[in-house]
Amino acid sequence: MEEADQLIVLGSDCFAKRYGVAHATDFHGHGSGGGRVLTEAEREMLVNNTKALLAQFEAERQRELALAEVTRQREREMAEAKLIALRQLLAARQSRFEPSQILRPGPQQQPLVEPEPPPLEVIPLPKWASLKKPNSSFFAYGMSDSQCWVLMQSASHAGCFIAPAPIPFDSWDEALPPSLGKVDVDREVYISDSNISALVGWFASRCTAGSRIDSDAVAIQNFAMGMQKPNDT
């Protein structure tokens, strides 16, 4: 993995000790249950040209993402075709009634109305979603009292941001010690000069309710929402 512009090769045990979780969806895991055994050529690249090996892994990941997007597009097209067919079926059923029945309903008869499809649930992106450094990950840690904090390397300065999730809770700007960072009320984050490794170590040692590493802000937001108690919303 790449951390603070340095390439680091970690085994699963070292990764868990360093980041507080056993694995992350953003990282390639080779030689374990979720990956594959490196080829001889890849083993040689790992020693002599790690950047080239990572570039190869990234190319493989991009191909997988492109294939997944094609699959999702096909599923959307199939869902849209089913919806069109359903609407056509409803229209055909309505056409069997006499016009007088549709235009002038009796006292006990309600006009036929085509049901509207349920609205799609859209999860808005939080403010902190755009603050992350490109090609890096979010680190989410569940703390006590249903608090969840998201760490990210900054795209605008050498340090990091620390954000409450899924939304700022009461007194969030007083919840962390000043040594971790300075409060930015407008962006609803702490601005920290510490590197991501130091912050991960601090939060991982205090994490009591699970953690998640992912480059997708929506996935992190869903993780944080899942930690909320019913009376917290």
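Start with Pro166. In this predicted model, Pro166 sits in the loop that links strand S5, residues 160-165, to strand S6, residues 182-184. The peptide bond from Ala165 to Pro166 is cis, and its omega is near 0 degrees. For context, most peptide bonds are trans.

Now phi angles. Most residues other than glycine have a negative phi. Here are two residues with a positive one.

Take Asn135. Its phi is near 60 degrees, a positive value in a residue other than glycine. Where is Asn135? Asn135 lies in the loop between helix H4, residues 99-103, and strand S3, residues 138-142. Is Asn135 buried or exposed? Asn135 is exposed, because its relative accessible area is 83% and the cut-off for exposed is over 50%.

Next, Glu188. Phi of Glu188 is near 60 degrees, again positive and again not glycine. Glu188 is in the loop between S6 and strand S7, residues 189-192. With a relative accessible area of 26%, Glu188 is partly exposed.

Last topic: a helix pair. Helix H2 covers residues 40-48, and helix H3 covers residues 50-94. Their axes come within 6 Å and cross at roughly 130 degrees. How are H2 and H3 oriented to each other? That crossing angle falls between 115 and 145 degrees, so H2 and H3 are oblique to each other.

Who makes the contact? From H2, we have Glu42, Met45, Leu46 and Asn48. From H3, we have Thr50, Ala52, Leu53, Gln56, Phe57 and Glu60. Sorted by class, the contact of H2 with H3 has 5 nonpolar, 3 polar and 2 charged residues.

Note on methods:
Residues numbered from 1 in each chain as written. Predicted model: local features only at pLDDT ≥ 70, side-chain atom pairs only at ≥ 80, totals over all residues. Heavy atoms only, no water. Helix = DSSP H or I, 4+ residues; strand = E, 2+ residues; numbered from the N terminus. Buried < 20%, exposed > 50% of the residue type's maximum accessible area, 1.4 Å probe, protein only. Axes fitted to C-alpha atoms, helices over the stretch in contact; angles between N-to-C directions. Parallel < 35°, antiparallel > 145°, perpendicular 65-115°, else oblique. Contact = heavy atoms within 4.5 Å. Nonpolar A, V, L, I, M, F, W, Y, C, P; charged D, E, K, R; others polar.
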